[in-house]
Amino acid sequence: MHRAAGALARHALELPELARARTVAAYVSVGREPDTRALLDELRRRGVRVLLPVLLPDDDLDWAAYEGAERLSPARRGLLEPTGRRLGPDAVTEADAVLLPGLAVDRRGMRLGRGGGSYDRVLARIEASGAAPALVVLLHSGEFLRAVPAEPHDRPVHAAVTPEGVHRFPA
């Protein structure tokens, strides 16, 4: 498992979109999600401003800066959230790249989320703002599929990263 997390972080860090990013919106993995901690720490070590989500009561997302693992606190739904100053739901529109959780991504770049709608709101907010960050999903091996269900409001991502490498999708 540790080897897969290292490979995932290595492939993600090799993405030109992350290499040149000044601000990255990401998340702290929980449960069975691919481990993001090494990636978060390396981005921060490189001087990248890393924004992490804070789950609001209505399941929308606020954002706060990642200041290290010691500044994370347990939250609803088993999440770990930053304890620093809240930046507001629109802070994500400042990101050069957005790392998204997902259960799977298909060959069209459609992401299957957990069904809570939090990241659907984030993607709609980004689109409405006119921002154009790279949208990247981090996956386990075997979660890159031929097809996943998609709704009219779903937006494709630009890339999916697995321990085996990067999968890119046409814009």
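Colleague: What is the relative accessibility of D58?

Modeller: This is a predicted model, in which local features need pLDDT of at least 70 and side-chain atom pairs count only at pLDDT 80 or more, while totals for chains, interfaces and linings use all residues. Residues are numbered from 1 along each chain as its sequence is written, and side-chain values use heavy atoms, leaving out hydrogens and water. Relative accessible area under 20% means buried, over 50% exposed, and in between partly exposed (1.4 Å probe, protein chains only). D58 counts as partly exposed because its relative accessibility is 45%.

Colleague: With which residue does D58 form a salt bridge?

Modeller: A salt bridge here needs a side-chain nitrogen of Lys or Arg within 4 Å of a carboxyl oxygen of Asp or Glu. For D58 the closest N and O atoms are 3.6 Å apart, and the partner is R121. The pair links distant parts of the chain, 63 residues apart: D58 lies in the loop between β2 (49–55) and β3 (61–65), and helix α4 (residues 118–129) holds R121.

Colleague: How many residues apart in sequence are the parts tied together by D90 and R125?

Modeller: D90 and R125 form a salt bridge, with 3.4 Å between the closest N and O atoms. D90 lies in the loop between β5 (80–82) and β6 (97–100) and R125 in helix α4, so the parts that the pair ties together are apart in sequence by 35 residues.

Colleague: Which residues of helix α3 are buried?

Modeller: Helices (H or I, at least four residues) and strands (E, at least two) are DSSP runs, numbered from the N terminus; α3 covers residues 37–45. Its buried residues are L39, L40, E42 and L43. The arc is taken from the directions from the helix axis to the C-beta atoms. These residues cover an arc of only 170° around the axis, which puts them on the same side of α3: L39, L40, E42 and L43.

Colleague: What is the angle between the planes of F144 and F169?

Modeller: Rings of Phe, Tyr and Trp (its six-membered ring) pair if their centres lie within 6.5 Å; planes under 30 degrees apart count as stacked, over 60 as edge-to-face and the rest as tilted. F144 and F169 lie 6.0 Å centre to centre and are tilted, with an angle between the planes of 40°.
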